[in-house]
Amino acid sequence: MCGIVGYLGKKNTKEILLDGLKELEYRGYDSAGIAVLQDNQFDSFKAVGKLVNLEEKTKDFVTENFAVGIGHTRWATHGKPTELNAHPHLGDSSYVVHNGIIENYATLKKELMDDGVRFLSQTDTEVIVHQFEKNLKSAENAFEAFAKTIHELKGAYAILLVTKSEDKTIFFAKHGSPMLVGINGENKVSSPEREGSLGYEKYFASSDAPLIGHCSDVNYFEDGDYGYVTADELAIFSKNGDKKKPNFSKLSTNKLSAQKDGYRFFMEKEIYEQSTVIADTLMGRVGDDEILFDEIDSSLFDGIHEIKLSACGTSYHSALSASYLFERYSKIKTSVEVASEFRYRSPVMTKDTLFVVISQSGETADTLETLKMAKEAGLKTLVICNVDNSSMVRLADATILTRAGIEKGVASTKAFATQVAVFWMMSLYLAKLRNSLEANEIARQVSLLREIPTSVKVTDAMHEKIKRLSKRYLHGHGFFFIGRDIFYPLALEGALKLKEISYLHAEGYPSGEMKHGPIALADPELFTIALLPQHLLYEKAKSNVEELSARDSTICAISPIEFDKADDFIQTTVCKDYMLEFFEMMVVVQLFSLEISVRLGNDVDMPRNLAKSVTVE
Ligand code: M6R
């Protein structure tokens, strides 16, 4: 995920920006850059890859006087990870850095291009600086132009902008992406604007870590906040233009906990983050009543009569979920392959099949190999991936990025969530293309998609309940996770999560399969985690659970409908559609595994024997 830093003051601006970016490295990035304005002169540097490349480029650059500077680490979403696409982005005499996604960038870009503005990058961010400079021409001052620009943007952003027209100021705005400003009560800096007047140096960042050690107090901006800082002033305005007082709090000094945003584990942070990252996944793709994928050409589906999905582990489970959605909504034949199996079984591949690989990392050796096989067989290929410029993205004909940001926990959570969100969108995109769903049904589901970020929000009550329950599930001779239809892949995923971090034996089964063998294991020491959605085959799934309950298996039911045959019950929200139930239950099974692992004293983020990216066979 992208990171932002900013500094205004007299210290070594270059070092402060580069050190700040280093503190954000853990978030993942594929390029980085800085822009520094001192004595009304800009110096800007960008580099692809690791920060050492940027350090190398800036080694002869010195900052000694009062300066304003901004920096950025980029995780590509719009446009490849190249130097041109790296931030800061330049206008005529201003630079901008931005986290988030500008949803209306295409409209703004077209208008600007019609006015003769030349764009250098493929990013949505670049429109901000050009729009600002356009507004500057008719505004009284730079702040007026900046405020107007912010009100014209739709989407999510944390923005810092510096401009020669007010060269001792940093402009900022925040909506939907985090940002804070910090000061150090002891480090006063004389204002170059007003001789003798003392203000404070100012630091900006998109999370706490870069400010630790520099700042004593920080103000976390709220959504809609925008304004500017000078040495003397911190001016914050709310979205309706009212001036606000800063609300400073003391900054923690623990860097590791700052990286985890205060959560105990990266996995926990990533579970909580799902609401935000899914909002990013949907952004710009969920239209009023249809799905838009700017990144793919609909001709990719010309002549396609089948979709074959190939993946490993958690990504395989999301592929299985896709098969339910594609057949149900897009009415297209869909098959799913475990990549390590597909490689060696001499599969028949026909050119009317779209070959789709799914991978968080884009580097998994088995999945990559199946992509190569499909390409060699002349199939059209698509990758659903979280990492731009990864091997799979470079190889496939087309890419849809999941925009989950870097996932540090070895046990995948938010990557899975964003993959399924992409597949739900894709099934509706295809349904429109293939005329397989009525327009009003597509529109209904499009509006449901917008509710996913709410469905995956972790409530205190839910987390507390799962924490308490977890103590009863630390032993036994195994777990069954059971579900029907698309809840079967979710059951598989729940079982995989538990296995990975608790080291307890767990299996996922379709609920209807129990009586064909597995039920022989049922006894009080066999724990069944039953997914019982209200809106999909509830009665059928319930009777399967009753069969287990009659054999004295210990049942933990997850459902919005109370179930008296269960030993334990986790109540989910009554909602409109089974897919929203899917997403909420996904969070429940993730937290359930997490809390069991914590109680067992395991390493949640780095479980034994596992690696985050499996680049060997
Ligand atoms: O990067 P990929 O999505 O291709 O990785 C595939 C699997 O290795 C991965 O999902 C693995 O199963 C995770 N540890 C699951 O939590």
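Predicted model: local features only at pLDDT ≥ 70, side-chain atom pairs only at ≥ 80, totals over all residues.
An open sheet is built from 7 strands, arranged in the order 5-6-7-8-14-15-16 with antiparallel pairing. Its edges are formed by strand 5 (89-90) and strand 16 (243-244), each of which pairs on one side only. Within this sheet, strand 14 (residues 226-229) runs antiparallel to strand 15 (residues 234-237), and 4 bridges join the two. Gly 227 is placed opposite Ile 236 of strand 15. Helix 4 (residues 126-138) lies across strand 5, strand 6 (94-102) and strand 7 (155-163), and its direction is at about 130 degrees to strand 6.

A second open sheet comprises 5 strands in the order 24-23-25-26-27, with parallel pairing. Because strand 24 (506-510) and strand 27 (568-571) each have a single partner strand, one side of each is left without a neighbour in the sheet. From one strand to the next, the twist averages 20 degrees. Strand 23 (residues 478-483) is paired with strand 24 in the parallel sense through 5 bridges, and Gly 483 has Pro 510 of strand 24 as its bridge partner. Helix 17 (residues 487-502) packs on this sheet, where it touches strand 23, strand 24 and strand 25 (526-531). The direction of helix 17 makes about 175 degrees with that of strand 24.

Helix 1 (residues 13-23) is mostly covered, with 8 of its 11 residues buried. The buried positions are Thr 13, Lys 14, Ile 16, Leu 17, Leu 18, Gly 20, Leu 21 and Glu 23. These buried residues pack against strand 1 (3-9), strand 2 (31-38), strand 4 (67-74) and strand 12 (202-205), as well as against helix 2 (51-57) and helix 6 (255-259).

Conventions
Residues numbered from 1 in each chain as written. Heavy atoms only, no water. Pairing = 2+ DSSP bridges. Contact = heavy atoms within 4.5 Å. Axes fitted to C-alpha atoms, helices over the stretch in contact; angles between N-to-C directions. Buried < 20%, exposed > 50% of the residue type's maximum accessible area, 1.4 Å probe, protein only.
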